[in-house]
Amino acid sequence: MKAHPAGFRILLLGDSVANGGTQVNDDETYPALFGALLAQKKHNAEVVNVSAGGWSVLNEAAWLKLHGTLGARLVVLEVNDRDLDQSFVGPEILDQHPSFPSHRPLSGLGEILFRYALPRTGLVPSAADPGSTGGDFQESHAKVTLNAIGEIKNFAHNHGARLALLYWDARLPVSAPQQKARDALLAWASTQEVTVIRPQLNKSPLADKYFRDQIHPSVEGNRIVAKILESSLSKEI
């Protein structure tokens with residue numbers, strides 16, 4: 001990938017919401033669909049999807065510092081409710097979690113059994129990535145997350161890129177501390193003049209159609225998000 005693209009490059013950082021996981025094809029994720037919409041409208045622009053299931057904002061900040069903005073002029077950071085207090089996910093998770101193996105499965109049947117069937121019985125750990133599992137909200141972690149988002153903004157600015165936030169609301173109850181952290185993030189974005197795109201498909205009458213579970217968008221949900229991104233950000237390209 002060229003470090004200095006001829007056109008307008010958008011770098012999208014995210015977790016499984018942007019990555020799609022195993023249940024959404026790469027070309028059906030909202031970053032891919034967003035890029036396709038830009039191409040249809042003759043924008044000389046491309047979208048680079050940098051995401052992984054289970055990543056926290058701290059993982060995304062670490063990736064950015066290691067690899068840079070890849071010549072992007074706009075960095076879109078996807079943040080969802082579960083990200084607000086999620087800690088850094090290190091390499092020790094490999095082979096300790098069913099979603100992060102270091103090798104190919106021995107067989108397709110074994111993969112179905114240990115990744116999907118047995119976790120539902122509680123006999124083996126859940127295959128849900130760390131960013132999709134809940135627990136008591138950690139306000140101290142939320143402060144670290146907000147600081148990391150500030151670092152991402154500063155890093156992008158120092159490399160000639162603007163930051164925009166895509167805030168993704170899940171279909172899960174939001175605790176008072178979680179709401180406080182969300183409000184703090186949105187208030188920070190307002191004072192920093194960071195564009196916030198917030199689809200809020202969780203409030204739609206068609207939410208069942210737009211979500212494939214309580215957190216992740218379905219293929220149709222990805223299409224809607226892509227359209228919202230195109231309409232919200234095309235003026236910045």
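Select Phe211 first. At 5% relative accessibility, this residue counts as buried. Remember as you go that the model is predicted.

What does the pair tie together? Trp168 lies in strand β4 (residues 162-168), while Phe211 lies in the loop between α7 (207-210) and α8 (219-233), so the pair links parts that are 43 residues apart in sequence.

Next, show the strands. Five of them make an open sheet in the order β2-β1-β3-β4-β5, with parallel pairing. At the edges are β2 (45-51) and β5 (195-197), and each pairs on one side only. From one strand to the next, the twist averages 25°.

Zoom in on β3 (residues 74-80). This strand runs parallel to β4, joined by 7 bridges. Select Leu77: Leu165 in β4 stands opposite.

Helix α2 (residues 30-40) lies across β1 (8-14), β2, β3 and β4, and runs at about 175° to β2.

Finish at helix α4 (residues 108-121). Its 14 residues should span 20 Å at 1.5 Å a residue; the end C-alpha atoms are 19 Å apart, which agrees. Where is the kink centred? Select Phe114: the kink of about 30° is centred there. Then pick out Arg115, Leu118 and Pro119, which are buried in α4.

Terms used:
Residues are numbered from 1 along each chain as its sequence is written. This is a predicted model: local features need pLDDT of at least 70, side-chain atom pairs count only at pLDDT 80 or more; totals for chains, interfaces and linings use all residues. Side-chain values use heavy atoms; hydrogens and water are left out. Helices (H or I, at least four residues) and strands (E, at least two) are DSSP runs, numbered from the N terminus. Buried means under 20% relative accessible area, exposed over 50%, partly exposed in between (1.4 Å probe, protein chains only). The expected span of a helix is 1.5 Å times one less than its number of residues. The bend at a residue is the angle between axes fitted to the seven residues ending there and the seven starting there. Two strands pair if DSSP finds at least two bridges between them. Axes are lines fitted to C-alpha atoms, for helices over the stretch in contact, and angles run from 0 to 180 degrees between N-to-C directions. Contact means heavy atoms within 4.5 Å.
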